[in-house]
Amino acid sequence: MTTRPTRAISVVAALVTAAGLAACSGGDDDGKITLSVGLFGDFGFGPLYEEYSKLHPDIEFEERISEFADHHTNLTTHLATGSGAADIEAVEVGYISQYTAEPDRFHNLLDLGADELEGQWLDWKWQQALSADGESLIGLGTDVGGMAMCYRRDLFEAAGLPVERDEVSALWAGSWEDYVAVGEQYTADTGGYWFESSGNMFRAMVEQADEGVYDRENNLIVESNPAIGAAWDLTVEAIEADMSNRLTAWTPEWNAGFNEGTFATIICPAWMTSYIETNAPDAAGLWDIATVPGGAGNMGGSHLVLPAQGEHPEEAYAFLEWLTAPEQQLKVFEATGNFPSTPELYEDPALTGLSKAYFNDAPVGEIFTAAATAVRPQYQGPLQGDVLATIGQGLGRIEDGSQSPEDAWSQVLSDLESF
Amino acid sequence: MTIAAKGSGASSGTKGLLRYRLDLKASPYLYIAPFFVLFAAFGLFPLAFTAWVSTHEWSLLSDEHVFVGFGNYEALLTDPYFWNALGNTLSILVLATVPQLLAALLLAHVLTLRLRAQTFWRMGMLLPNVASVVAVAVIFSQLFGRDFGLVNWVLEALGAGRIDWQAGTASSHVAIAVMVAWKWTGYNALIYLAAMQAVPREVYEAAHLDGASRMQQLFHVTVPMIRPTIVFTVIVSTIYGLQIFAEPQLFGGGGQNGVTGGASRQFQTLTLYLYEHGFNRGFEFGYASAVAWTMFAVIVLVALLNYLFIRRIRSAS
């Protein structure tokens with residue numbers, strides 16, 4: 001009688017021990033540290049993880065990719081609740097100010113060794129990740145989005161427009177008004193669409209202005225900033241001339257448009273080139289890259305931050321410093337087209353000499369170096385991304401005919417009041 | 001010795017009796033306890049806590065929670081976007097539920113007939129229900145695409161024009177209703193089928209002798225006989241329909257349009273409205289909780305109305 005419970009206990013004990021052993025072998029006890037990296041989309045880091053793990057055999061990586069909009073929402077939730085964030089998280093420029101306002105939620109990179117690296121990045125890229133008091137730095141820059149204009153050679157040719165990139169650039173070298181005028185002609189002649197979405201064109205114009213949707217005191221100046229009013233009016237003019245293909249970014253229809261050639265031009269920050277290339281493999285050689293009207297401007301680009309809840313700040317920082325160093329940024333650019341934020345590369349022939357076969361051998365190194373060096377930094381406010389999205393929706397309502405431009409504008413302003 | 005033994009025996013007897021009665025009284029409660037403990041932790045407590053949060057200005061981003069009484073509810077009831085979302089939700093509910101339940105009834109009726117490979121047809125009914133909501137929403141969003149969607153391709157081939165399904169209010173509601181109906185028609189058909197099989201054969205034989213056609217049998221015999229089941233499906237569909245989230249969210253595509261249900265909020269449902277406030281830029285949990293409780297009230301109200309409506313049909317027939 002007494003042997004049975006004993007046996008049962010010993011079986012249970014054996015199971016517990018086995019489970020314990022199994023648990024140990026999966027954890028940190030074997031000396032390996034797994035760093036998680038949270039990104040929106042593929043940043044082209046895959047080969048770099050492997051390279052780093054070879055240099056540091058005790059470090060392993062786990063990449064988590066989510067959708068652009070979800071990524072920042074999730075990150076905010078994880079920061080607020082104190083758990084769930086990855087060791088290293090990507091933050092797009094439209095969201096960075098929201099996080100620099102709360103530097104306590106991140107490891108201060110100035111304490112981890114970044115204080116000696118300031119000169120490595122474009123000055124404005126560095127500034128964007130600094131807290132208001134300048135005491136903490138929450139992230140290191142990856143890429144910047146100096147703007148260019150991608151266009152379809154075949155559609156331009158069919159419309160009787162020049163196809164060589166210098167001549168195309170000259171078409172709208174004067175201003176955005178020229179761009180819209182050429183577009184009006186194109187749409188009238190061919191019945192095709194000039195660009196994919198009005199929100200994108202609007203955003204490009206705003207990014208080029210000295211001041212955007214916020215002033216330096218974080219007040220919304222959408223209503224009072226003349227640059228925004230002018231950009232809105234010109235965009236509305238383009239919509240009314242039926243130049244917009246009315247596509248929403250990142251939707252399957254948008255992706256298909258690149259392949260099918262339903263629109264002739266799209267504003268192209270450096271990171272967009274890799275997106276076009278992967279989503280429209282059949283259109284190789286048909287796309288080319290010219291300069292953007294209205295001068296230089298930055299659209300997009302990211303930082304990598306270390307949430308304070310991460311348990312391996314030293315290891316994560318060491319990797320971050322390595323990953324954002326010029327050598328690695330150059331590798332990312334070669335693989336994906338995301339343009340480096342470290343100016344020392346801008347004189348490196350390895351970068352400036354690069355061209356892309358997909359874009360009819362366009363000298364992307366040269367084009368985007370010129371774009372990036374000419375950028376006059378614009379202050380980005382806390383809810384930059386959301387404000388631009390709200391205005392974009394207003395333009396969307398004009399596009400689908402549900403509102404007049406006046407009503408759309410007043411709804412944008414009333415929507416922004418709740419910000 | 002004997003007295004002592006007797007005494008201890010008696011005391012152990014009463015102890016045993018006590019234990020037995022305790023066992024008899026307490027055990028059943030103990031057996032059902034796990035459900036109630038879990039329900040209290042994951043059902044009742046969140047419900048009560050949400051009510052508490054809804055009376056505060058409570059943002060996830062700040063540690064200060066200011067009591068505002070019914071302030072959130074007042075703001076909610078004066079927000080035109082809330083009424084817009086309520087209208088959209090009810091419209092989608094009607095578009096999705098009414099045709100769905102009628103179709104389910106007809107399908108169930110067909111399934112009661114003698115068919116070859118009966119099990120195959122019956123299992124097939126359930127297949128759409130097995131697919132995940134997200135997969136269904138993604139696929140249907142592509143089918144309803146403006147430029148390269150299959151639906152528009154067919155419409156164009158038939159000579160009808162293309163429809164920008166996302167842009168219009170009515171068209172977007174129809175598209176979302178189709179997703180819901182596709183997923184749930186078969187499920188409801190199987191529930192009706194089960195109920196129909198419990199209807200005595202003799203009633204049909206009598207109806208047949210009286211000269212009732214198959215259709216007349218369905219509406220004059222079957223429907224009245226399975227009415228409790230119909231009430232059940234109507235209420236369950238109502239509850240589901242009022243909480244639609246994934247379909248409009250994915251239909252809107254990435255970014256802001258997925259949160260507001262299109263640029264004009266033309267298909268923003270109540271849950272999307274809740275999501276917009278609770279899990280978007282402000283993370284206004286207080287306001288979102290007020291939305292949740294208001295939704296609860298709306299669901300109870302609509303379910304009750306539906307119940308009364310179905311009951312009226314019974315008394316009429």
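Predicted model: local features only at pLDDT ≥ 70, side-chain atom pairs only at ≥ 80, totals over all residues.
**Figure 1. The annotated domain of chain B.** An unreviewed UniProt entry places the feature "domain: ABC transmembrane type-1" at residues 86-306 of chain B. Across residues 86-306 of chain B the chain is 76% helix and 0% strand, while the C-alpha atoms at the ends of this span are 17 Å apart.

**Figure 2. Domain division and confidence in chain B.** Chain B is divided into domain 1, which covers residues 2-53, and domain 2, which covers residues 74-316, and the C-alpha centres of domain 1 and domain 2 of chain B lie 44 Å apart. The mean pLDDT of chain B is 90, with 95% of its residues reaching 70 or more. Within chain B, confidence is lowest in helix α1 (residues 2-53), at a mean of 82, and highest in helix α2 (residues 71-77), at 96. Over residues 1-9 of chain B the pLDDT is below 50, and this stretch has zero contacts in the model beyond near neighbours in sequence.

**Figure 3. The side of chain A that touches chain B.** Where the two chains meet, 24 residues of chain A are in contact with 21 residues of chain B. Helices α3 (68-81), α12 (252-260) and α18 (384-399) of chain A each supply at least two residues of the side of chain A that touches chain B, and α3 of chain A gives the most to this side, with six residues. By residue type, the side of chain A that touches chain B divides into nine nonpolar, 10 polar and five charged residues. For the model, the scores are ipTM 0.82 and pTM 0.85.

**Figure 4. The fold of chain A.** Chain A has 19 helices and nine strands, and its C-alpha trace spans about 95 × 50 × 50 Å along its principal axes. Of the 419 residues in chain A, 46% are buried. Among the contacts in chain A with a separation of 6 or more, 76% are between residues 24 or more positions apart.

Methods. Residues numbered from 1 in each chain as written. Chains lettered and ligands numbered in written order. UniProt positions renumbered as here; feature names shortened; annotations may be inferred. Helix = DSSP H or I, 4+ residues; strand = E, 2+ residues; numbered from the N terminus. Contact = placed C-beta atoms within 7 Å. Nonpolar A, V, L, I, M, F, W, Y, C, P; charged D, E, K, R; others polar. Buried ≥ 20, exposed ≤ 12 C-beta atoms within 10 Å, placed from the backbone. Domains from an automatic or database assignment. pLDDT = per-residue confidence, 0-100.
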